[in-house]
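Reader: I am new to this structure and would like to go through it slowly, beginning with the chains taken one at a time and ending where they meet. Could you take my questions in that order?

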Amino acid sequence: MNYITLFNQQTVPVASIPEINYFEFLELNTGFIRGHKERHCVNYFGCIENEKVKLYCCIADDLTHEIFVSSSIVKTSSIYASFTSRCLCFEKFEREIHENFGIKYNDHPWLKPVRYAHNRSDKNKTIANYPFYSIDSEELHEVGVGPIHAGIIEPGHFRFLCNGEQILHLEIQLGFQHRGIESLFLEKKKINQRATLAENIAGDTVIGHTSAFSYLWESLCGFNTTNDIAFARTLALEIERIAIHTGDLSAVCTDIAYQLGSSVFGRLRTPVINFFQEWCGNRLSKSLVRPGCNLFPFTPTLAIRLTDILNAFEPDFTEMVTELFKLPSALSRFERTGVVSQEDVLSLGTVGPSARMNALNRDIRLSHPFGLWKNIKHDPIIKHHGDVYSRVQIRKEEVIQSIQYIRTLIENIPECTTYENVLEKPKPDSFVISLIEGWRGEICHCAITDSLGELKMYKIKDPSFHNWLALALAVRNNEISDFPICNKSFNLSYCGHDL
Amino acid sequence: MLSLLLILIAAAFFSGIIVRTKSIASGRKGPGVFQPIKDVIRLFKKGAVYSETTSIIFRIAPTIYFASVVMAILVIPFDESKGIISFKGDFIFFAYVLALGKFFNIIAAMDTGSSFEGMGASREALFSMFAEPAFFILMGSLALLTGHTSFQEIFYSLHVGSYISYAITTLATFVLIMITMIENSRMPIDDPKTHLELTMVHEVMILDNSGFDLGLILTTGYLKFAMYGALIVNLFIGMVPYQYSIPMFFIIQFIIAVVVGLIESFMARFRMGHNAQYIFALTSVSLLIFFGVLLVLEKFV
């Protein structure tokens, strides 16, 4: 066997991951993907080992719940054949490896910097001289938007090549807010520091990222996640999904200038978010999830409050979505806008709602279950058009589905048993991968420990990492004035990508 | 003279009422009715900042834009009183003096050299171009019906006629309200509240204007709204005595403002590509009026 088969959140010794030569490695991993629509690359990264770079590639199989991990050692001075020329889904990962370690590829079609990491290999490449794709045409024109976002949310630069009002090409340049989170994970040794870092990977996916980190850490320490901890995390994840999806519906309504939808969804989102304040003392649900302990157990009193909130939420939400989806002027903006074809979805390996929008059944809750999802039968919401309408409908239906899950979950609340951290030291020389289905899609955290049990490598992959390219393809041949609504319907994270 | 005064008063609260309607419709308290005027006064106290890439065009454009709308207001009659300027064919003057102001607005936007503003300018030019035939066919038909060619005489003699003239007035009101929305860049053509440059039409053209110039452009916008409102009011009141016609003026202006606010609250903006189609469809409604007039005049068998 030249690869190892893992399950989600399973710790294995690093030595058990077979090390193969690069050509075999390339054949193996591209072979996994090609012709298998149920498989995609969850993470592909490098780690420095004795002045060489060891590449780890993790391919997830949605049907068998397995993750195939293989590795290969490469030299930074050599030139290699790229995965990307065979499978497009490795594009971003190889650009990142190229940026961080200076590994050269001879047939990578788009070898541009990803995020300008502080420890990048070539310091001459700066954000100011990003090599944009450009044209010399008299007829076409370029429109540059950003890096200051019109709604002053997060920085990113969008360069459009347009033929009049029609977008021919969009290039997205990110990396403006690179904070070096992955290296901070190695520098900060305390578990609370690391949990706080995980919370701040993306401010809108606090539960998602912290859960991914916590499950990973517990697995690494050999701690069996107790039922009450898993219960709290699962519940919080679904509440987060409801809150953010509702907020997104509000934002989509703002972008099509539908004031009623915008203000009603905005109002509905607030009590759901505020429930976290009651639960853990922080609206943004910070400090709710911590490895190995349940600081804020979910009590029956909270369950009554949550039921009240959902009872008030559900009828208004249902009424408003019914209203929205029968409004002709709104439908004319949603339908056939920003279509991503099924071939593109497959070749890009998109995740989360950006995969489910076009008939791709990809949901970690089903494919690589974690926490309570091992016992719940999850039925992902799938749409078939890949347009803004599909993405908005997924949001609507996932909100309703999550409400159902929460109602079922809080019928029997487990007794809290773990108030304090009872974790042992992480196992030395281990490898672990943790996948979580956040509201935006699959979150992947990977860790490798050294011989002393200290973190040697911490790798984070936000769903936005794959999905930004889907947005760039979605807007092609659309009107430039439809870009904001396409963008909002994906609602990808800038800081989750930039790390 | 009277119309100028009335329009100035209406302009003071027109935008405020739209904002207020929208706030109430979305369950918010919202700013006071005179907030837009207060904003403008604040802007008038400020200086303007000019980009280094702009030329004299950019500096004079806001003033010309303002002047053009004031000139256009001068020809609007009210009830029995003529506008300050009134002559045969003054509706053509009205349309083209506004076009002059718009022209300067467009080239000023191009002057900044920003790709956004160029896009906004091209959209605004296209939409105005499509709205023009609708206005002229409408006014031409009314001129044909009444046999006069100045605003005051047309409106004055419009109501002497039969029931058919009421049918024509209804259609004309529709066309004029839609032209008002297009010329003022309101929904469903343009979203005045958006913060996204890529979807803007009018707002993106004035992104580089600041301080006094911005105040002038905003004031012009308020005046323009009230001016079109006054035109619509004129369709309804023929020779009513002043004690009825003046309250009617304000009531109709108020209703128009509320309708605009409601449209903006309860529907989504059109897709940009559908706008041109939609605006051009107004011309066909105008043609309907034209054929209606021909029927009335028995010139159409």
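Reader: What does the secondary structure of chain B come to?
Author: This is a predicted model, and what follows should be read with that in mind. Read along the sequence, chain B follows the pattern α-α-α-α-α-α-α-α-α-α-α. The secondary structure of chain B therefore comes to eleven helices and zero strands.

Reader: How does the radius of gyration of chain B stand against the globule rule, and what box do its C-alpha atoms fill?
Author: The globule rule gives 19 Å for 301 residues, and the radius of gyration of chain B is close to that at 19 Å, so the chain is as compact as a globular protein of that length. Taken along the principal axes, the C-alpha atoms of chain B fill a box of roughly 60 × 40 × 40 Å.

Reader: What share of the residues of chain B counts as buried?
Author: A residue counts as buried here if 20 or more other C-beta atoms lie within 10 Å of its own. Among contacts in chain B between residues at least 6 apart in sequence, 77% join residues at least 24 apart. Of the 301 residues of chain B, the share that counts as buried is 49%.

Reader: Which distance separates the end C-alpha atoms of helix H11 of chain B, and why does it agree with the number of residues?
Author: Helix H11 of chain B covers residues 272–296, and at 1.5 Å a residue its 25 residues should span 36 Å.

Reader: Against which helices do the buried residues of H11(B) pack?
Author: The buried residues of H11(B) are Met272(B), Asn275(B), Ile279(B), Leu282(B), Ser286(B), Ile289(B) and Val293(B). Just after H11(B), Glu298(B) takes a positive phi of about 55°. The partners against which the buried residues pack are helix H5 (115–146) and helix H7 (163–183) of chain B.

Reader: Turning to chain A, how many helices and strands does it have, and what percentage of its residues is buried?
Author: The secondary structure of chain A comes to 16 helices and 13 strands. Its radius of gyration is 22 Å, close to the 23 Å that the globule rule gives for 499 residues, so chain A is as compact as a globular protein of that length. Its C-alpha atoms fill a box of roughly 65 × 60 × 40 Å along the principal axes. Of the 499 residues in chain A, the buried ones make up 53%.

Reader: How far apart do the C-alpha centres of the two domains of chain A lie?
Author: Chain A is divided into domain 1, which takes in 4–114, and domain 2, which takes in 181–465 + 486–498. The C-alpha centres of domain 1 of chain A and domain 2 of chain A lie apart by 26 Å.

Reader: Which element gives the most to the side of domain 1 of chain A that touches domain 2 of chain A?
Author: The contact takes 25 residues from domain 1 of chain A and 29 residues from domain 2 of chain A. On the domain 1 side, strand E2 (12–13), E3 and E4 of chain A each supply at least two residues, and by class that side has 15 nonpolar, seven polar and three charged residues. The element that gives the most, with six residues, is E3(A).

Reader: To which strands is E4(A) joined by bridges?
Author: Strand E4 (residues 52–61) of chain A is mostly covered, with seven of its ten residues buried. Ten bridges join it to strand E3 (residues 39–49), antiparallel, with His40(A) and Ala60(A) as bridge partners. Eight bridges, again in an antiparallel run, join E4(A) to strand E5 (residues 67–74), where the bridge partner of Val53(A) is Val74(A).

Reader: Which residues take a positive phi in the hairpins of E4(A)?
Author: The hairpin of E3(A) and E4(A) has two residues between the strands, and there Asn50(A) takes a positive phi near 50°. The hairpin of E4(A) and E5(A) has five residues between the strands, and there the positive phi, near 65°, belongs to His65(A).

Reader: Where the chains meet, which element supplies the largest share of the side of chain A that touches chain B?
Author: The contact takes 26 residues from chain A and 25 residues from chain B. Strand E8 (141–145), helix H7 (259–280), helix H9 (328–334) and helix H15 (483–490) of chain A each give two or more residues to the side that touches chain B. The residues of that side divide into twelve nonpolar, eight polar and six charged. The largest share, five residues, comes from E8(A).

Notes: Residues are numbered from 1 along each chain as its sequence is written. Chains are lettered from A and ligands numbered from 1 in the order in which they are written. This is a predicted model: local features need pLDDT of at least 70, side-chain atom pairs count only at pLDDT 80 or more; totals for chains, interfaces and linings use all residues. Two residues are in contact if their C-beta atoms, placed from the backbone, lie within 7 Å. Helices (H or I, at least four residues) and strands (E, at least two) are DSSP runs, numbered from the N terminus. Ala, Val, Leu, Ile, Met, Phe, Trp, Tyr, Cys and Pro count as nonpolar, Asp, Glu, Lys and Arg as charged, and the others, Gly among them, as polar. A residue is buried if 20 or more other C-beta atoms lie within 10 Å of its own, exposed if 12 or fewer, and partly exposed in between; C-beta atoms are placed from the backbone. Two strands pair if DSSP finds at least two bridges between them. The radius of gyration is taken over C-alpha atoms; the globule rule is 2.2 Å times the number of residues to the power 0.38. Domain bounds come from an automatic or database domain assignment. The expected span of a helix is 1.5 Å times one less than its number of residues.
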